Amino acid sequence: MTARYARVVVDSRLPQLDRLFEYRIPPALEGVAPGVRVRVPLRGDRTAAGYVVEVADARAWEGEVADVEAVVSPVPVLRPEVWALARAVADRAAGGAADVLRVAIPGRQARVEKAWLARAAEGAAAEAAEPAATEGAAEPTASPEPPEPDAPPEPDDASAPLLPGLVEARRKVALECAGGVAEVPVAGGGTAWVGRWAVALAGLARQAVERGEQAILVVPDHREQRQLRLALEAAVGEERVVELDARQRNPERYAGFLRCVDGGGLAIIGPRSAVYAPAADLGLLVVWEDGDPLLAEPLSPWVHARDAALVRQGQTGCALVIAGHARSTDAERLVEVGFLEHERVGAHRVRVLPTALADDGRRVPAAAFHAAREALAARPVLVQVARPGHAPGLRCGDCGTRARCAACGGPLGQRTRGAQPGCRLCGRLAAAWRCPSCHGARLVEVGRGSTRIAEELGRAIPGVPVVVADGEHERLTIDARPRIVVATRGAEPIADGGYGAVLLLDGDSLLAREGLRVAEEAVRQWATARALAAEGATVVLAGVIGPTVGALTGDTTVPFAKAELAERRSLRFPPAVRTASVVGHPDAVAEALEALAGIEHLDVLGPVPAEGAPGDRLERAIVRFAYADGARVAGVARGRVLAAAARPRKPGAPPRLRIRLDDPEPFDGL
């Protein structure tokens with residue numbers, strides 16, 4: 001029997017193992033096919049898990065070839081399109097493909113696989129029996145028309161028809177969605193309120209599903225995912241919607257993943273990892289609110305969902321939509337270079353009132369109180385604040401020193417009035433706190449958190465219920481009864497019919513932070529809250545002056561994004577250019593910078609001392625380069641990381657060199 005060979009990607013974080021390894025398939029071993037999980041030997045007595053990428057009849061490696069040890073599962077979970085995406089994304093980020101696959105493919109669930117394999121066998125048997133059953137059968141004289149399937153209920157008409165033909169024409173669009181809420185029918189009867197943006201994107205997904213293709217829709221977190229799921233179920237039917245989310249129970253998530261492997265017309269939704277979902281016939285790829293930091297992968301190789309979507313679109317040619325209530329500078333760059341078309345949909349008629357803080361320093365200006373009292377006659381009112389808790393910060397009442405945790409150095413705060421002070425980072429209580437500067441024990445509150453502002457509003461507007469929505473008090477929806485909802489940014493619930501007024505507080509403290517994207521992030525968060533207002537509602541923006549105000553008071557945020565991008569371009573800051581942070585031992589950093597020096601239009605900031613473990617002497621440099629040079633920079637960077645990894649180091653010691661492309665951290669303090 002002719003020997004056959006499997007090329008396997010090994011599940012390892014070691015950069016030197018980031019390649020395909022060739023193994024012989026033993027004649028007695030069945031089930032070795034592209035995409036299946038296997039166990040293979042490594043050097044010595046070690047074994048590793050991996051995925052079969054290719055099966056071939058001829059050898060590509062001339063050296064000694066070991067045998068595949070076992071087939072862990074016969075289910076082809078690594079689809080060809082996912083492998084191609086993982087390899088390309090990893091190469092773009094100078095990382096390892098196995099790290100991407102760890103995000104893309106959920107852990108195996110044996111019972112779920114068993115049920116899936118049984119259904120697949122039944123389907124294959126039915127297909128094989130169908131020709132035999134019909135052979136020789138008489139042709140019927142009349143064939144009644146099959147009944148039409150029950151059509152899914154039509155969603156709210158807030159945005160239909162939206163960009164008809166977008167999927168068929170394979171358009172690439174930067175979509176700015178106006179705000180507002182819409183009512184959609186839900187399975188089993190009744191209705192639910194969602195953002196109009198969700199109805200709009202569901203309409204786009206329907207174009208792909210009706211063509212028998214898949215649509216992948218990526219959202220930042222479970223709040224947006226819930227809204228989009230309800231809108232999609234109304235648009236395409238519950239049976240055509242698949243959720244892929246790490247918050248799901250493991251069997252549920254794996255069953256959804258295998259449903260994607262089956263193919264057919266599907267709408268696939270989830271957080272950033274959903275961009276890697278199996279989809280052999282991908283018709284549409286959507287990234288919602290691409291400026292949200294939650295879409296940036298926190299693990300190596302740190303790939304943003306938007307960047308992975310751009311790579312996948314280039315491989316598949318599918319329609320691409322980068323959408324949001326506010327235009328990100330990254331999406332605006334893609335419009336200006338001609339890669340994306342600009343589109344705006346919907347209309348949301350609200351009145352935005354920018355106000356300075358009152359002379360007496362009150363956090364809620366008089367105009368905001370007036371708007372709230374008027375709206376509370378019929379609807380709820382949303383109050384967006386910066387921080388949760390009672391007092392976000394504490395300081396020494398004698399010398400004014402900021403109170404910090406004695407264990408970790410984090411800031412102290414109070415969750416509720418009269419509560420023991422505790423660390424906002426590690427959670428440790430600080431009942432016996434003493435000021436390290438003057439040894440005083442008296443603490444003074446700094447700032448107002450969500451619960452404190454809720455208390456103050458309850459006293460200022462008596463007789464009106466006040467509820468808090470933040471990380472500790474999660475609320476996804478509220479009804480239309482008049483009440484005050486105090487919410488931290490990103491935790492705002494949807495109100496049935498929309499809010500009668502939206503008060504955006506703490507704008508001055510939000511803009512006072514340091515960071516390259518502070519103003520851009522503020523505009524995105526304000527636009528998200530404004531979108532929850534009812535038609536004709538008043539939106540009060542408190543404590544903000546300058547050009548940032550125009551982004552919220554105008555009909556579009558595009559001029560603001562253009563101005564931000566122009567300033568970044570003049571300074572050679574992202575996203576006008578790409579960057580890479582080079583961190584490691586001084587000699588390794590110097591060697592990496594020397595290897596990169598030959599690339600044209602590349603400049604280096606630093607190196608400067610970097611933080612590390614006690615006793616480690618580390619340096620960090622920032623490399624800036626053009627997008628056109630990205631592949632070359634990534635290749636050189638990966639080569640230097642491999643060279644550094646090959647050098648001996650003490651067990652448990654950090655890598656001698658780490659290079660992260662598109663690292664936002666160095667610019668957070670600008």
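Modeller: This is a predicted model. Let's begin with Arg572, which is partly exposed, at 29% relative accessibility.

Biologist: Where is Arg572 found?

Modeller: Arg572 is in the loop between α14 and β27. Its phi is near 55°, a positive value in a residue other than glycine.

Biologist: What about Arg170, what is its phi?

Modeller: Arg170 is not a glycine either, and its phi is positive, about 55°. Arg170 is located in the loop between α3 (110-134) and β6.

Biologist: Which sheet does β28 belong to, and what is the strand order?

Modeller: β28 is part of an open sheet of four strands, in the order β28-β29-β27-β30, with antiparallel pairing. The edge strands are β28 (603-610) and β30 (657-661), each of which pairs on one side only. From one strand to the next, the twist averages 15°.

Biologist: What holds strands of a sheet together?

Modeller: Strands of a sheet pair through backbone hydrogen bonds, and they can be parallel or antiparallel.

Biologist: How many bridges are there between β27 and β29?

Modeller: There are seven bridges between strand β27 (residues 578-584) and strand β29 (residues 618-625), which pair in the antiparallel sense. Ser581 stands opposite Ile622 in β29.

Biologist: Which strands does helix α16 lie across?

Modeller: Helix α16 (residues 630-646) lies across β27, β29 and β30. Relative to β30, the helix runs at about 160°.

Biologist: New topic: helices. How many residues of α7 are buried?

Modeller: Nine of the twelve residues of α7 are buried, so the helix is largely enclosed by the rest of the structure. Among the buried ones are Ala305, Arg306 and Asp307, along with Leu310 and Val311.

Biologist: What covers the buried residues of α7?

Modeller: The cover includes the helices α1 (80-92) and α8 (329-336). It also includes the strands β6 (172-177), β9 (214-218), β12 (282-288) and β13 (319-324).

Biologist: What span should α7 have, and what does it have?

Modeller: At 1.5 Å a residue, the twelve residues of α7 (residues 305-316) should span 16 Å, and the end C-alpha atoms are 16 Å apart, so the two agree. The helix is followed by Gly317, which has a positive phi near 75°.

Biologist: What comes after α5?

Modeller: Gly237 follows α5, and its phi is positive, near 100°. Helix α5 (residues 222-236) has 15 residues and reaches 20 Å from its first C-alpha to its last, close to the 21 Å expected. Of those 15 residues, 13 are buried, so α5 is largely enclosed by the rest of the structure.

Biologist: Which residue caps the N-terminal end of α5?

Modeller: Asp221 does: one of its side-chain oxygens lies 3.0 Å from the backbone nitrogen of Arg223.

Biologist: Then Gln207. Which helix is it in, and what does its side chain reach?

Modeller: Gln207 lies in helix α4 (residues 196-210). Its side chain reaches the backbone nitrogen of Leu166 at 3.1 Å. Leaving aside neighbours within four places in sequence, Gln207 is in contact with Leu162, Leu163, Pro164, Gly165, Leu166 and Val167.

Biologist: Is Gln207 buried or exposed?

Modeller: Gln207 is buried, with a relative accessible area of 17%.

Biologist: Last one: where does Pro41 lie, and what does it touch?

Modeller: Pro41 lies in strand β3 (residues 37-41). Not counting residues up to four places away in sequence, Pro41 touches Tyr23, Arg46, Thr47, Ala66, Asp67 and Glu69. Pro41 is partly exposed, with a relative accessible area of 21%.

Notes
Residues numbered from 1 in each chain as written. Predicted model: local features only at pLDDT ≥ 70, side-chain atom pairs only at ≥ 80, totals over all residues. Heavy atoms only, no water. Pairing = 2+ DSSP bridges. Helix = DSSP H or I, 4+ residues; strand = E, 2+ residues; numbered from the N terminus. Axes fitted to C-alpha atoms, helices over the stretch in contact; angles between N-to-C directions. Contact = heavy atoms within 4.5 Å. Expected span 1.5 Å × (residues − 1). Buried < 20%, exposed > 50% of the residue type's maximum accessible area, 1.4 Å probe, protein only. Polar contact = N/O pair within 3.5 Å; in protein donor to acceptor, adjacent residues only side chain to side chain.
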